[in-house]
Amino acid sequence: MSLPNGISGIAKDSASSGNSSSGGNTPSSSISGPSTSNGTGHTTPNARNNNPMNNLSSTNPFTTNGNQGRPHVQTGSAHDTSHLYSAPSIYYGENGAAAKRDFRNRTFSAVVPAQAQPNFGSRRLSLDVPGDRSFDLPVKTTLAELLKNEDTDNNYQITIEDAGPGVLRVGTSASGGHNRTEIRGHYALACLLQELTFAEEHNRAHITLNEARINENPVDRLSRFIGDMFWENLTRRIDGSNVAHVARDPKDWTSDPRPRIYIPPGAPEQYEYYSNIAKDQPEIRLDVQWLATNVTPEYIRDLNNAPGLLAVGMDYVLDKSGNNVIDKHGKKLLQGKPFIVPGGRFNEFYGWDSYMASLGLIIQGKVHICKSMVENFAFCIEHYGKILNANRSYYLGRSQPPFLTDMILRVYEKIYHEPGAIDFLRLGTLAAIKEYYSVWMAEPRLDERTGLSRYRPTGVGVPPETEPSHFTHVLEPYAKKHNMTHDEFVDAYTMKRVHEPELDEYFLHDRAVRESGHDTSYRLEKVAANLATVDLNSCLFKIENDIAKIIKTYFDGKLAIPKEFQTKGMQDNQIETTGIWERRFRKRRVAMDKYMWSAEDGIYFDYDTVKQERTTYESATTFWAMWAGVATTSQASLMVIKGLPKFELFGGLVSGTEKSRGKVGLSRPNRQWDFPFGWAPHQILAWIGLQRYNFQEEAERLAYRWCYMVTKAFVDFNGIVVEKYDLTRPADPQRVEAEYGNQGADFKGVPREGFGWVNSSYILGVSILSAHQRRALGTLTDWETFAKATQELDVYGNNMSALYTGSPEQAASEHGIQYAGPHGNGSHVGYHPHASASHATAVNKHS
């Protein structure tokens, strides 16, 4: 049976090599990418796929039944390919593969037994096959020619929107550059641009470039970029090596911006350390300040006259013998703990971005930077009372969605055998408990009536981190009312010389939107601080559940709280027990069922604690309840049947439904966390939630849709990886028409960092897929084409991957569930699981 159009890469390689001749006696051939994966995580270059000796198998005419008659195939001078996919710093280094000219052939031999050819007797066959094809490239001239021919919009990228010929002739290494071959197609040419950019940065004048590096499976290439380069370029630490740069705030709108760092009272060693740096390097004008012990909203406001960086964790530097390194002042040398920033333009340590990044980092074996980030979080909670939006002075009153305990458990699972692992677990848990009590279960964030929590940070006046003109349209009428200029009114209002309750309410909600991480969305606009949101309360349910399990499993059911992690009203050495925390998460589940769950709609809704009513905005955050384990199995089934189709688009889960967003236009523009945009955190938590409840096929389908979209943009637009995507634009999903634009698109030649949580989502998403799906993804086969082909070929047997588009009753029947109908608020739907292999999967270990 033939495969549908566009799916050929699933069954066999989609790329091939062709030969042509041009110009006298000089042989010429052409290549184009990408090639397909061999299922082991590395590419199978096309030149190797066409090896004629691949036919020496049990079906070869020279063989007979049984092993005795099969030719014995062996390689002589094997060509080492381990270097082909090394990081640019290695490949283009002094002794890297790009500097070598190794043109050894690969010799294959086969002994044909006499019984296979009785008329001829035993014979030995041999074939010399050239090694992997390489190109002989002068870097500057090749780069200049490539850009001149192909980069027609002059943005130093080669994309499908460029109007060049799509072909470049280059010399082969085997001929010393004499014979010419053609590199064809925008993907292969974009990869060539990337490789030449790397070579130029490593000061290589001439390179030998293996064909495999520009014809690489895009799934492998993007995964390799993330592991070898993106994470490294997103890694920061704060200490004397860079404080002059990172402590200078680009949002410092004062008349004398300068690098400034605030040290909490509990870290005198850091105050001494940075003070010595300021003395030793007066030219950097580093301002080192103590942070006040009592941090109030008014104090945070006054710091806006001298904004600065907030210190985070540091380690003492040890030598090879394990002894402290002493600096020139006779003090123990300190070094900042590393962390991952969201994108290349950031230098601050962010909250939930760090958690999302950690999921991909752990998969790629980079667990120790995740451990370091947990320790940085513990430092922030100990000294600032919370995980901060980011470590800048104007964020002191604001947090972000809390994921600490899940991050702790995932890291601990990888390091439990290391010395000090249990101390790490205790430190992180104590920090999570302190933040839980002092931030999320305290006023103003706790709603006493429902027992649910809200994003409701403290603050006074206009948020200072925004552009001066950001709120002009809001403030201008008030300035006119008071007969003031814009700047005069901002100062008078912020310093409380004028009082405007309506503005107070507006900025209360504005700060809450920012604390939620979902800035901005019509779901939250002008109401955020009043909402007990599904996302926040799912996170708190997970924290309560995790802490109960940690105390029970690792601390014999009891955990003492030391003084540095005690909160107001705690007794010395207060004991936290498993039972206390188990009662908490059960109580929250009951409250979420009562106030948020809609069986009729099959999703959870945010709850307005002021109006005392459930909202109607349909948000993808409903799936956070599955991630956290809030939903019962029957609720989860109904969410898949009735809820999931509301959000599933071509590229994955959309942030909110089009109906909930409403009409947009000049007077009501798009918001970036609304339809039609998709964000990595929503995808990640939905995948994990679906797996938790054994909806493996749905998790794979959604992961495939998202990873396809990321891969397609990566291939078509010179390796681009951005902050968010438009899920309704298959051709160019990185084009986002909303406020703030998109981060990650501004680069020359080669992407440097991607975007933190998208990098992580890609690594996690690909790990969810089957090998078959990964190979199809590498050929840029979209989900609909892949699903159709696998159904026609009956690859998975009774395939259940089709979207549910009929009535709830029909969907339930197709899904193996007996639909019992809606039973009103907080009730559940009866169901009987179908004993189908389609839902057999491993449940997340942290369920």
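**View 1. Lining of the second largest cavity.** Gly351, Trp352, Tyr355, Phe377, Ile387, Gln400, Pro401, Pro402, Phe403, Leu404 and Met407 line the second largest cavity. Helices α10 (352-363) and α12 (404-415) are the elements that give two or more residues to this lining. By class, the lining has 9 nonpolar, 2 polar and no charged residues. The space inside is about 70 Å³. A cavity is a set of points, on a 1 Å grid over the protein atoms alone, where a 1.4 Å probe fits but cannot get out; lining residues have an atom within 4 Å of a point. Points are joined across faces, edges and corners, and the volume is the space filled by probe spheres set on them. Nonpolar covers Ala, Val, Leu, Ile, Met, Phe, Trp, Tyr, Cys and Pro; charged covers Asp, Glu, Lys and Arg; the others, Gly among them, are polar. Helices (H or I, at least four residues) and strands (E, at least two) are DSSP runs, numbered from the N terminus.

The model is predicted: local features need pLDDT of at least 70, side-chain atom pairs count only at pLDDT 80 or more, and totals for chains, interfaces and linings use all residues. Residues are numbered from 1 along each chain as its sequence is written, and side-chain values use heavy atoms, with hydrogens and water left out.

**View 2. The largest cavity.** The largest cavity holds about 160 Å³ of space. Its lining has 17 residues, and the closest to the centre are Ile300, Tyr394, Thr458, Gly459 and Arg511. Helix α9 (residues 297-302) gives the most to the lining, with 3 residues. The lining divides into 8 nonpolar, 5 polar and 4 charged residues. In total, the protein has 5 cavities of 30 Å³ or more.

**View 3. The second largest pocket.** A pocket is an open set of points with protein on both sides within 12 Å along at least five of seven lines. The second largest pocket has about 880 Å³ of space. It is lined by 35 residues, of which Lys251, Arg345, Phe346, Tyr350 and Asp519 are the closest to its centre. The lining consists of 13 nonpolar, 9 polar and 13 charged residues.

**View 4. Two cis peptide bonds.** Most peptide bonds are trans. The bond from Asp519 to Thr520 is cis, with omega near 10 degrees. Asp519 is also among the residues closest to the centre of the second largest pocket. Thr520 sits in the loop between α16 (501-516) and β17 (531-532). The bond from Glu443 to Pro444 is cis too, with omega near 10 degrees. Pro444 belongs to the loop between α13 (421-440) and α14 (472-481).

**View 5. Loop residues with positive phi.** Most residues other than glycine have a negative phi. Asn203 has a positive phi, near 60 degrees. The loop that holds Asn203 runs between α5 (186-201) and β9 (206-210). Asn203 is exposed, with a relative accessible area of 72%. Asp556 has a phi near 55 degrees, also positive. Its loop lies between α17 (534-554) and β18 (558-561). At 75% relative accessibility, Asp556 counts as exposed. Exposed means over 50% relative accessible area, buried under 20%, and partly exposed in between (1.4 Å probe, protein chains only).

**View 6. Helix α26 and its two ends.** Helix α26 covers residues 783-793, and its buried residues are Trp783, Thr785, Phe786, Ala787, Ala789 and Thr790. At the start of α26, a side-chain oxygen of Asp782 comes to within 3.2 Å of the backbone nitrogen of Glu784. Just after the helix, Asp794 takes a positive phi of about 55 degrees.

**View 7. Glu648 and its partner Arg701.** The side chains of Glu648 and Arg701 are joined by a polar contact of 2.7 Å. A polar contact is a pair of N or O atoms within 3.5 Å; within protein, one must be able to donate a hydrogen and the other to accept it, and residues adjacent in sequence count only if both atoms are side-chain atoms. Glu648 lies in strand β24 (residues 648-649). Glu648 is buried, at 10% relative accessible area.

**View 8. The whole protein.** The secondary structure comes to 27 helices and 27 strands. Of the 847 residues, 57% count as buried. The protein exposes about 35,000 Å², and carbon and sulfur atoms supply 49% of that area. Accessible areas come from the Shrake-Rupley method with a 1.4 Å probe; for residues, only the protein chains shown count as cover. Among contacts (heavy atoms within 4.5 Å) with a separation of 6 or more, 71% are between residues 24 or more positions apart.
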